[in-house]
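Work through the following exercises with the sequence and the model at hand. Each task is followed by a solution in steps.

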Amino acid sequence: MKWARLEIKVPIESTEILKGFLIGKGIDKWEENGGLRIYMVLDETLSSFLAELQKFLLQNTLKENISWTISLSVLEEHKWESKWREAFTLRKVGEKLVIKPPWIEYEPKEEEIVLEIEPRSAFGTGEHPSTRLCLSLMEKFLKKDSIVLDVGCGSGILSLAAALLGAGKVIGIDIDEMAVRESEENASRLGLGDKVVFLHGNLLKDIPTTKADLILCNIDLPSLRAIFPYLTYYLKPGGILVASGFTEEGYKMLDVPDYLEEMEKMKEDDWVGVAWRMKTASK
Ligand SMILES: C[S@@+](CC[C@H](N)C(=O)[O-])C[C@H]1O[C@@H](n2cnc3c(N)ncnc32)[C@H](O)[C@@H]1O
């Protein structure tokens, strides 16, 4: 596998908006160097990503009259591998879960459940606070043998954690085909293929009308706002919706229907995660 290093130079005041764009594309890791430096797999998806990035930067600079540059370097695999690996550590999340990359050895304590995730291109390594908030809330609210729906599955991390924590059936969905492929690979590596199914597509169009006991949704705020009213169609009365991917400001912008009762709100850095319970069936 070949990798590309992208240096995206924008004025300092534009870096936050650029981070928002990257998170929307499933990228949760960057280095700050007077702009943002990111690493991506050099495959057929890179050219469409670059086209979208350029379009985004153009749209924003036309308004603001600012300059930007993107430069790309192809990396030799062995140099890249060690750099990439340094960024991932073992992380304890919530009461039981331990997330780790395959190259770190770990002997779990009695209560612990280890989830091994191979960091690749899709978002979801456990390094981002919004992922950890969803994992911690899931650990609190997941009931044994329940049906779980993971909207925006990325690497599959939340779906796989749900299966390990005792869910009966898990459906993960993502609009990004590559994320679905990576989720499937992670599931089969962990031997969880019979409990978890991953689908490529759009929630309303491509998911059978299964009602879930627990819905997990860690996606960027604009996408979350767009699908938020529909998520509850898939939730059983009494079921739990867990969402993250927004700050306290973003949370105020969510139109939460009154049939969702807030059960718990958690924060890590600037990120917020919320669990709501469905009071009655949605109309
Ligand atoms: C922030 S990542 C979350 C990945 C993982 N679930 C986690 O918690 O780390 C968001 C994912 O949602 C996907 N996504 C964005 N909008 C979506 C939508 N409307 N329906 C399904 N997936 C969506 C993106 O492709 C991306 O893989």
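**Exercise 1.** Find the residue of S7 that stands opposite Leu97, and describe the sheet to which S7 belongs.

Solution. Step 1: the residue opposite Leu97 in S7 is Ile113. This is a predicted model, in which local features need pLDDT of at least 70, side-chain atom pairs count only at pLDDT 80 or more, and totals for chains, interfaces and linings use all residues. Residue numbers start from 1 along each chain as its sequence is written.
Step 1: strand S6 (residues 97-100) is parallel to S7, with 4 bridges between them. Strands are DSSP runs of E with at least two residues, helices are runs of H or I with at least four, and both are numbered from the N terminus. Two strands pair if DSSP finds at least two bridges between them.
Step 2: the open sheet has 3 strands in the order S5-S6-S7, and its pairing is mixed. Strand S5 (91-93) and strand S7 (113-116) are the edges; each has a single partner strand, so one side of each lacks a neighbour in the sheet. From one strand to the next the twist averages 30 degrees (axes are lines fitted to C-alpha atoms, for helices over the stretch in contact, and angles run from 0 to 180 degrees between N-to-C directions).

**Exercise 2.** Give the strand order of the open sheet of 7 strands and locate the bridge partner of Val151.

Solution. Step 1: the order is S10-S9-S8-S11-S12-S14-S13, with mixed pairing. Strand S10 (196-200) and strand S13 (260-268) are at the edges with a single partner strand each, so one side of each has no neighbour in the sheet.
Step 1: strand S8 (residues 147-151) and strand S11 (residues 212-218) run parallel and are joined by 4 bridges. Within S11, Cys217 is the bridge partner of Val151.

**Exercise 3.** Describe the shell around the ligand by nearest residues, elements and residue class.

Step 1: at least two shell residues come from each of helix H4 (129-141), helix H5 (157-164), strand S9 (169-174) and helix H8 (221-231).
Step 2: the shell has 13 nonpolar, 8 polar and 2 charged residues (Ala, Val, Leu, Ile, Met, Phe, Trp, Tyr, Cys and Pro count as nonpolar, Asp, Glu, Lys and Arg as charged, and the others, Gly among them, as polar).

Technical notes: A residue is near a molecule or strand if its C-beta atom, placed from the backbone, lies within 6 Å of it.
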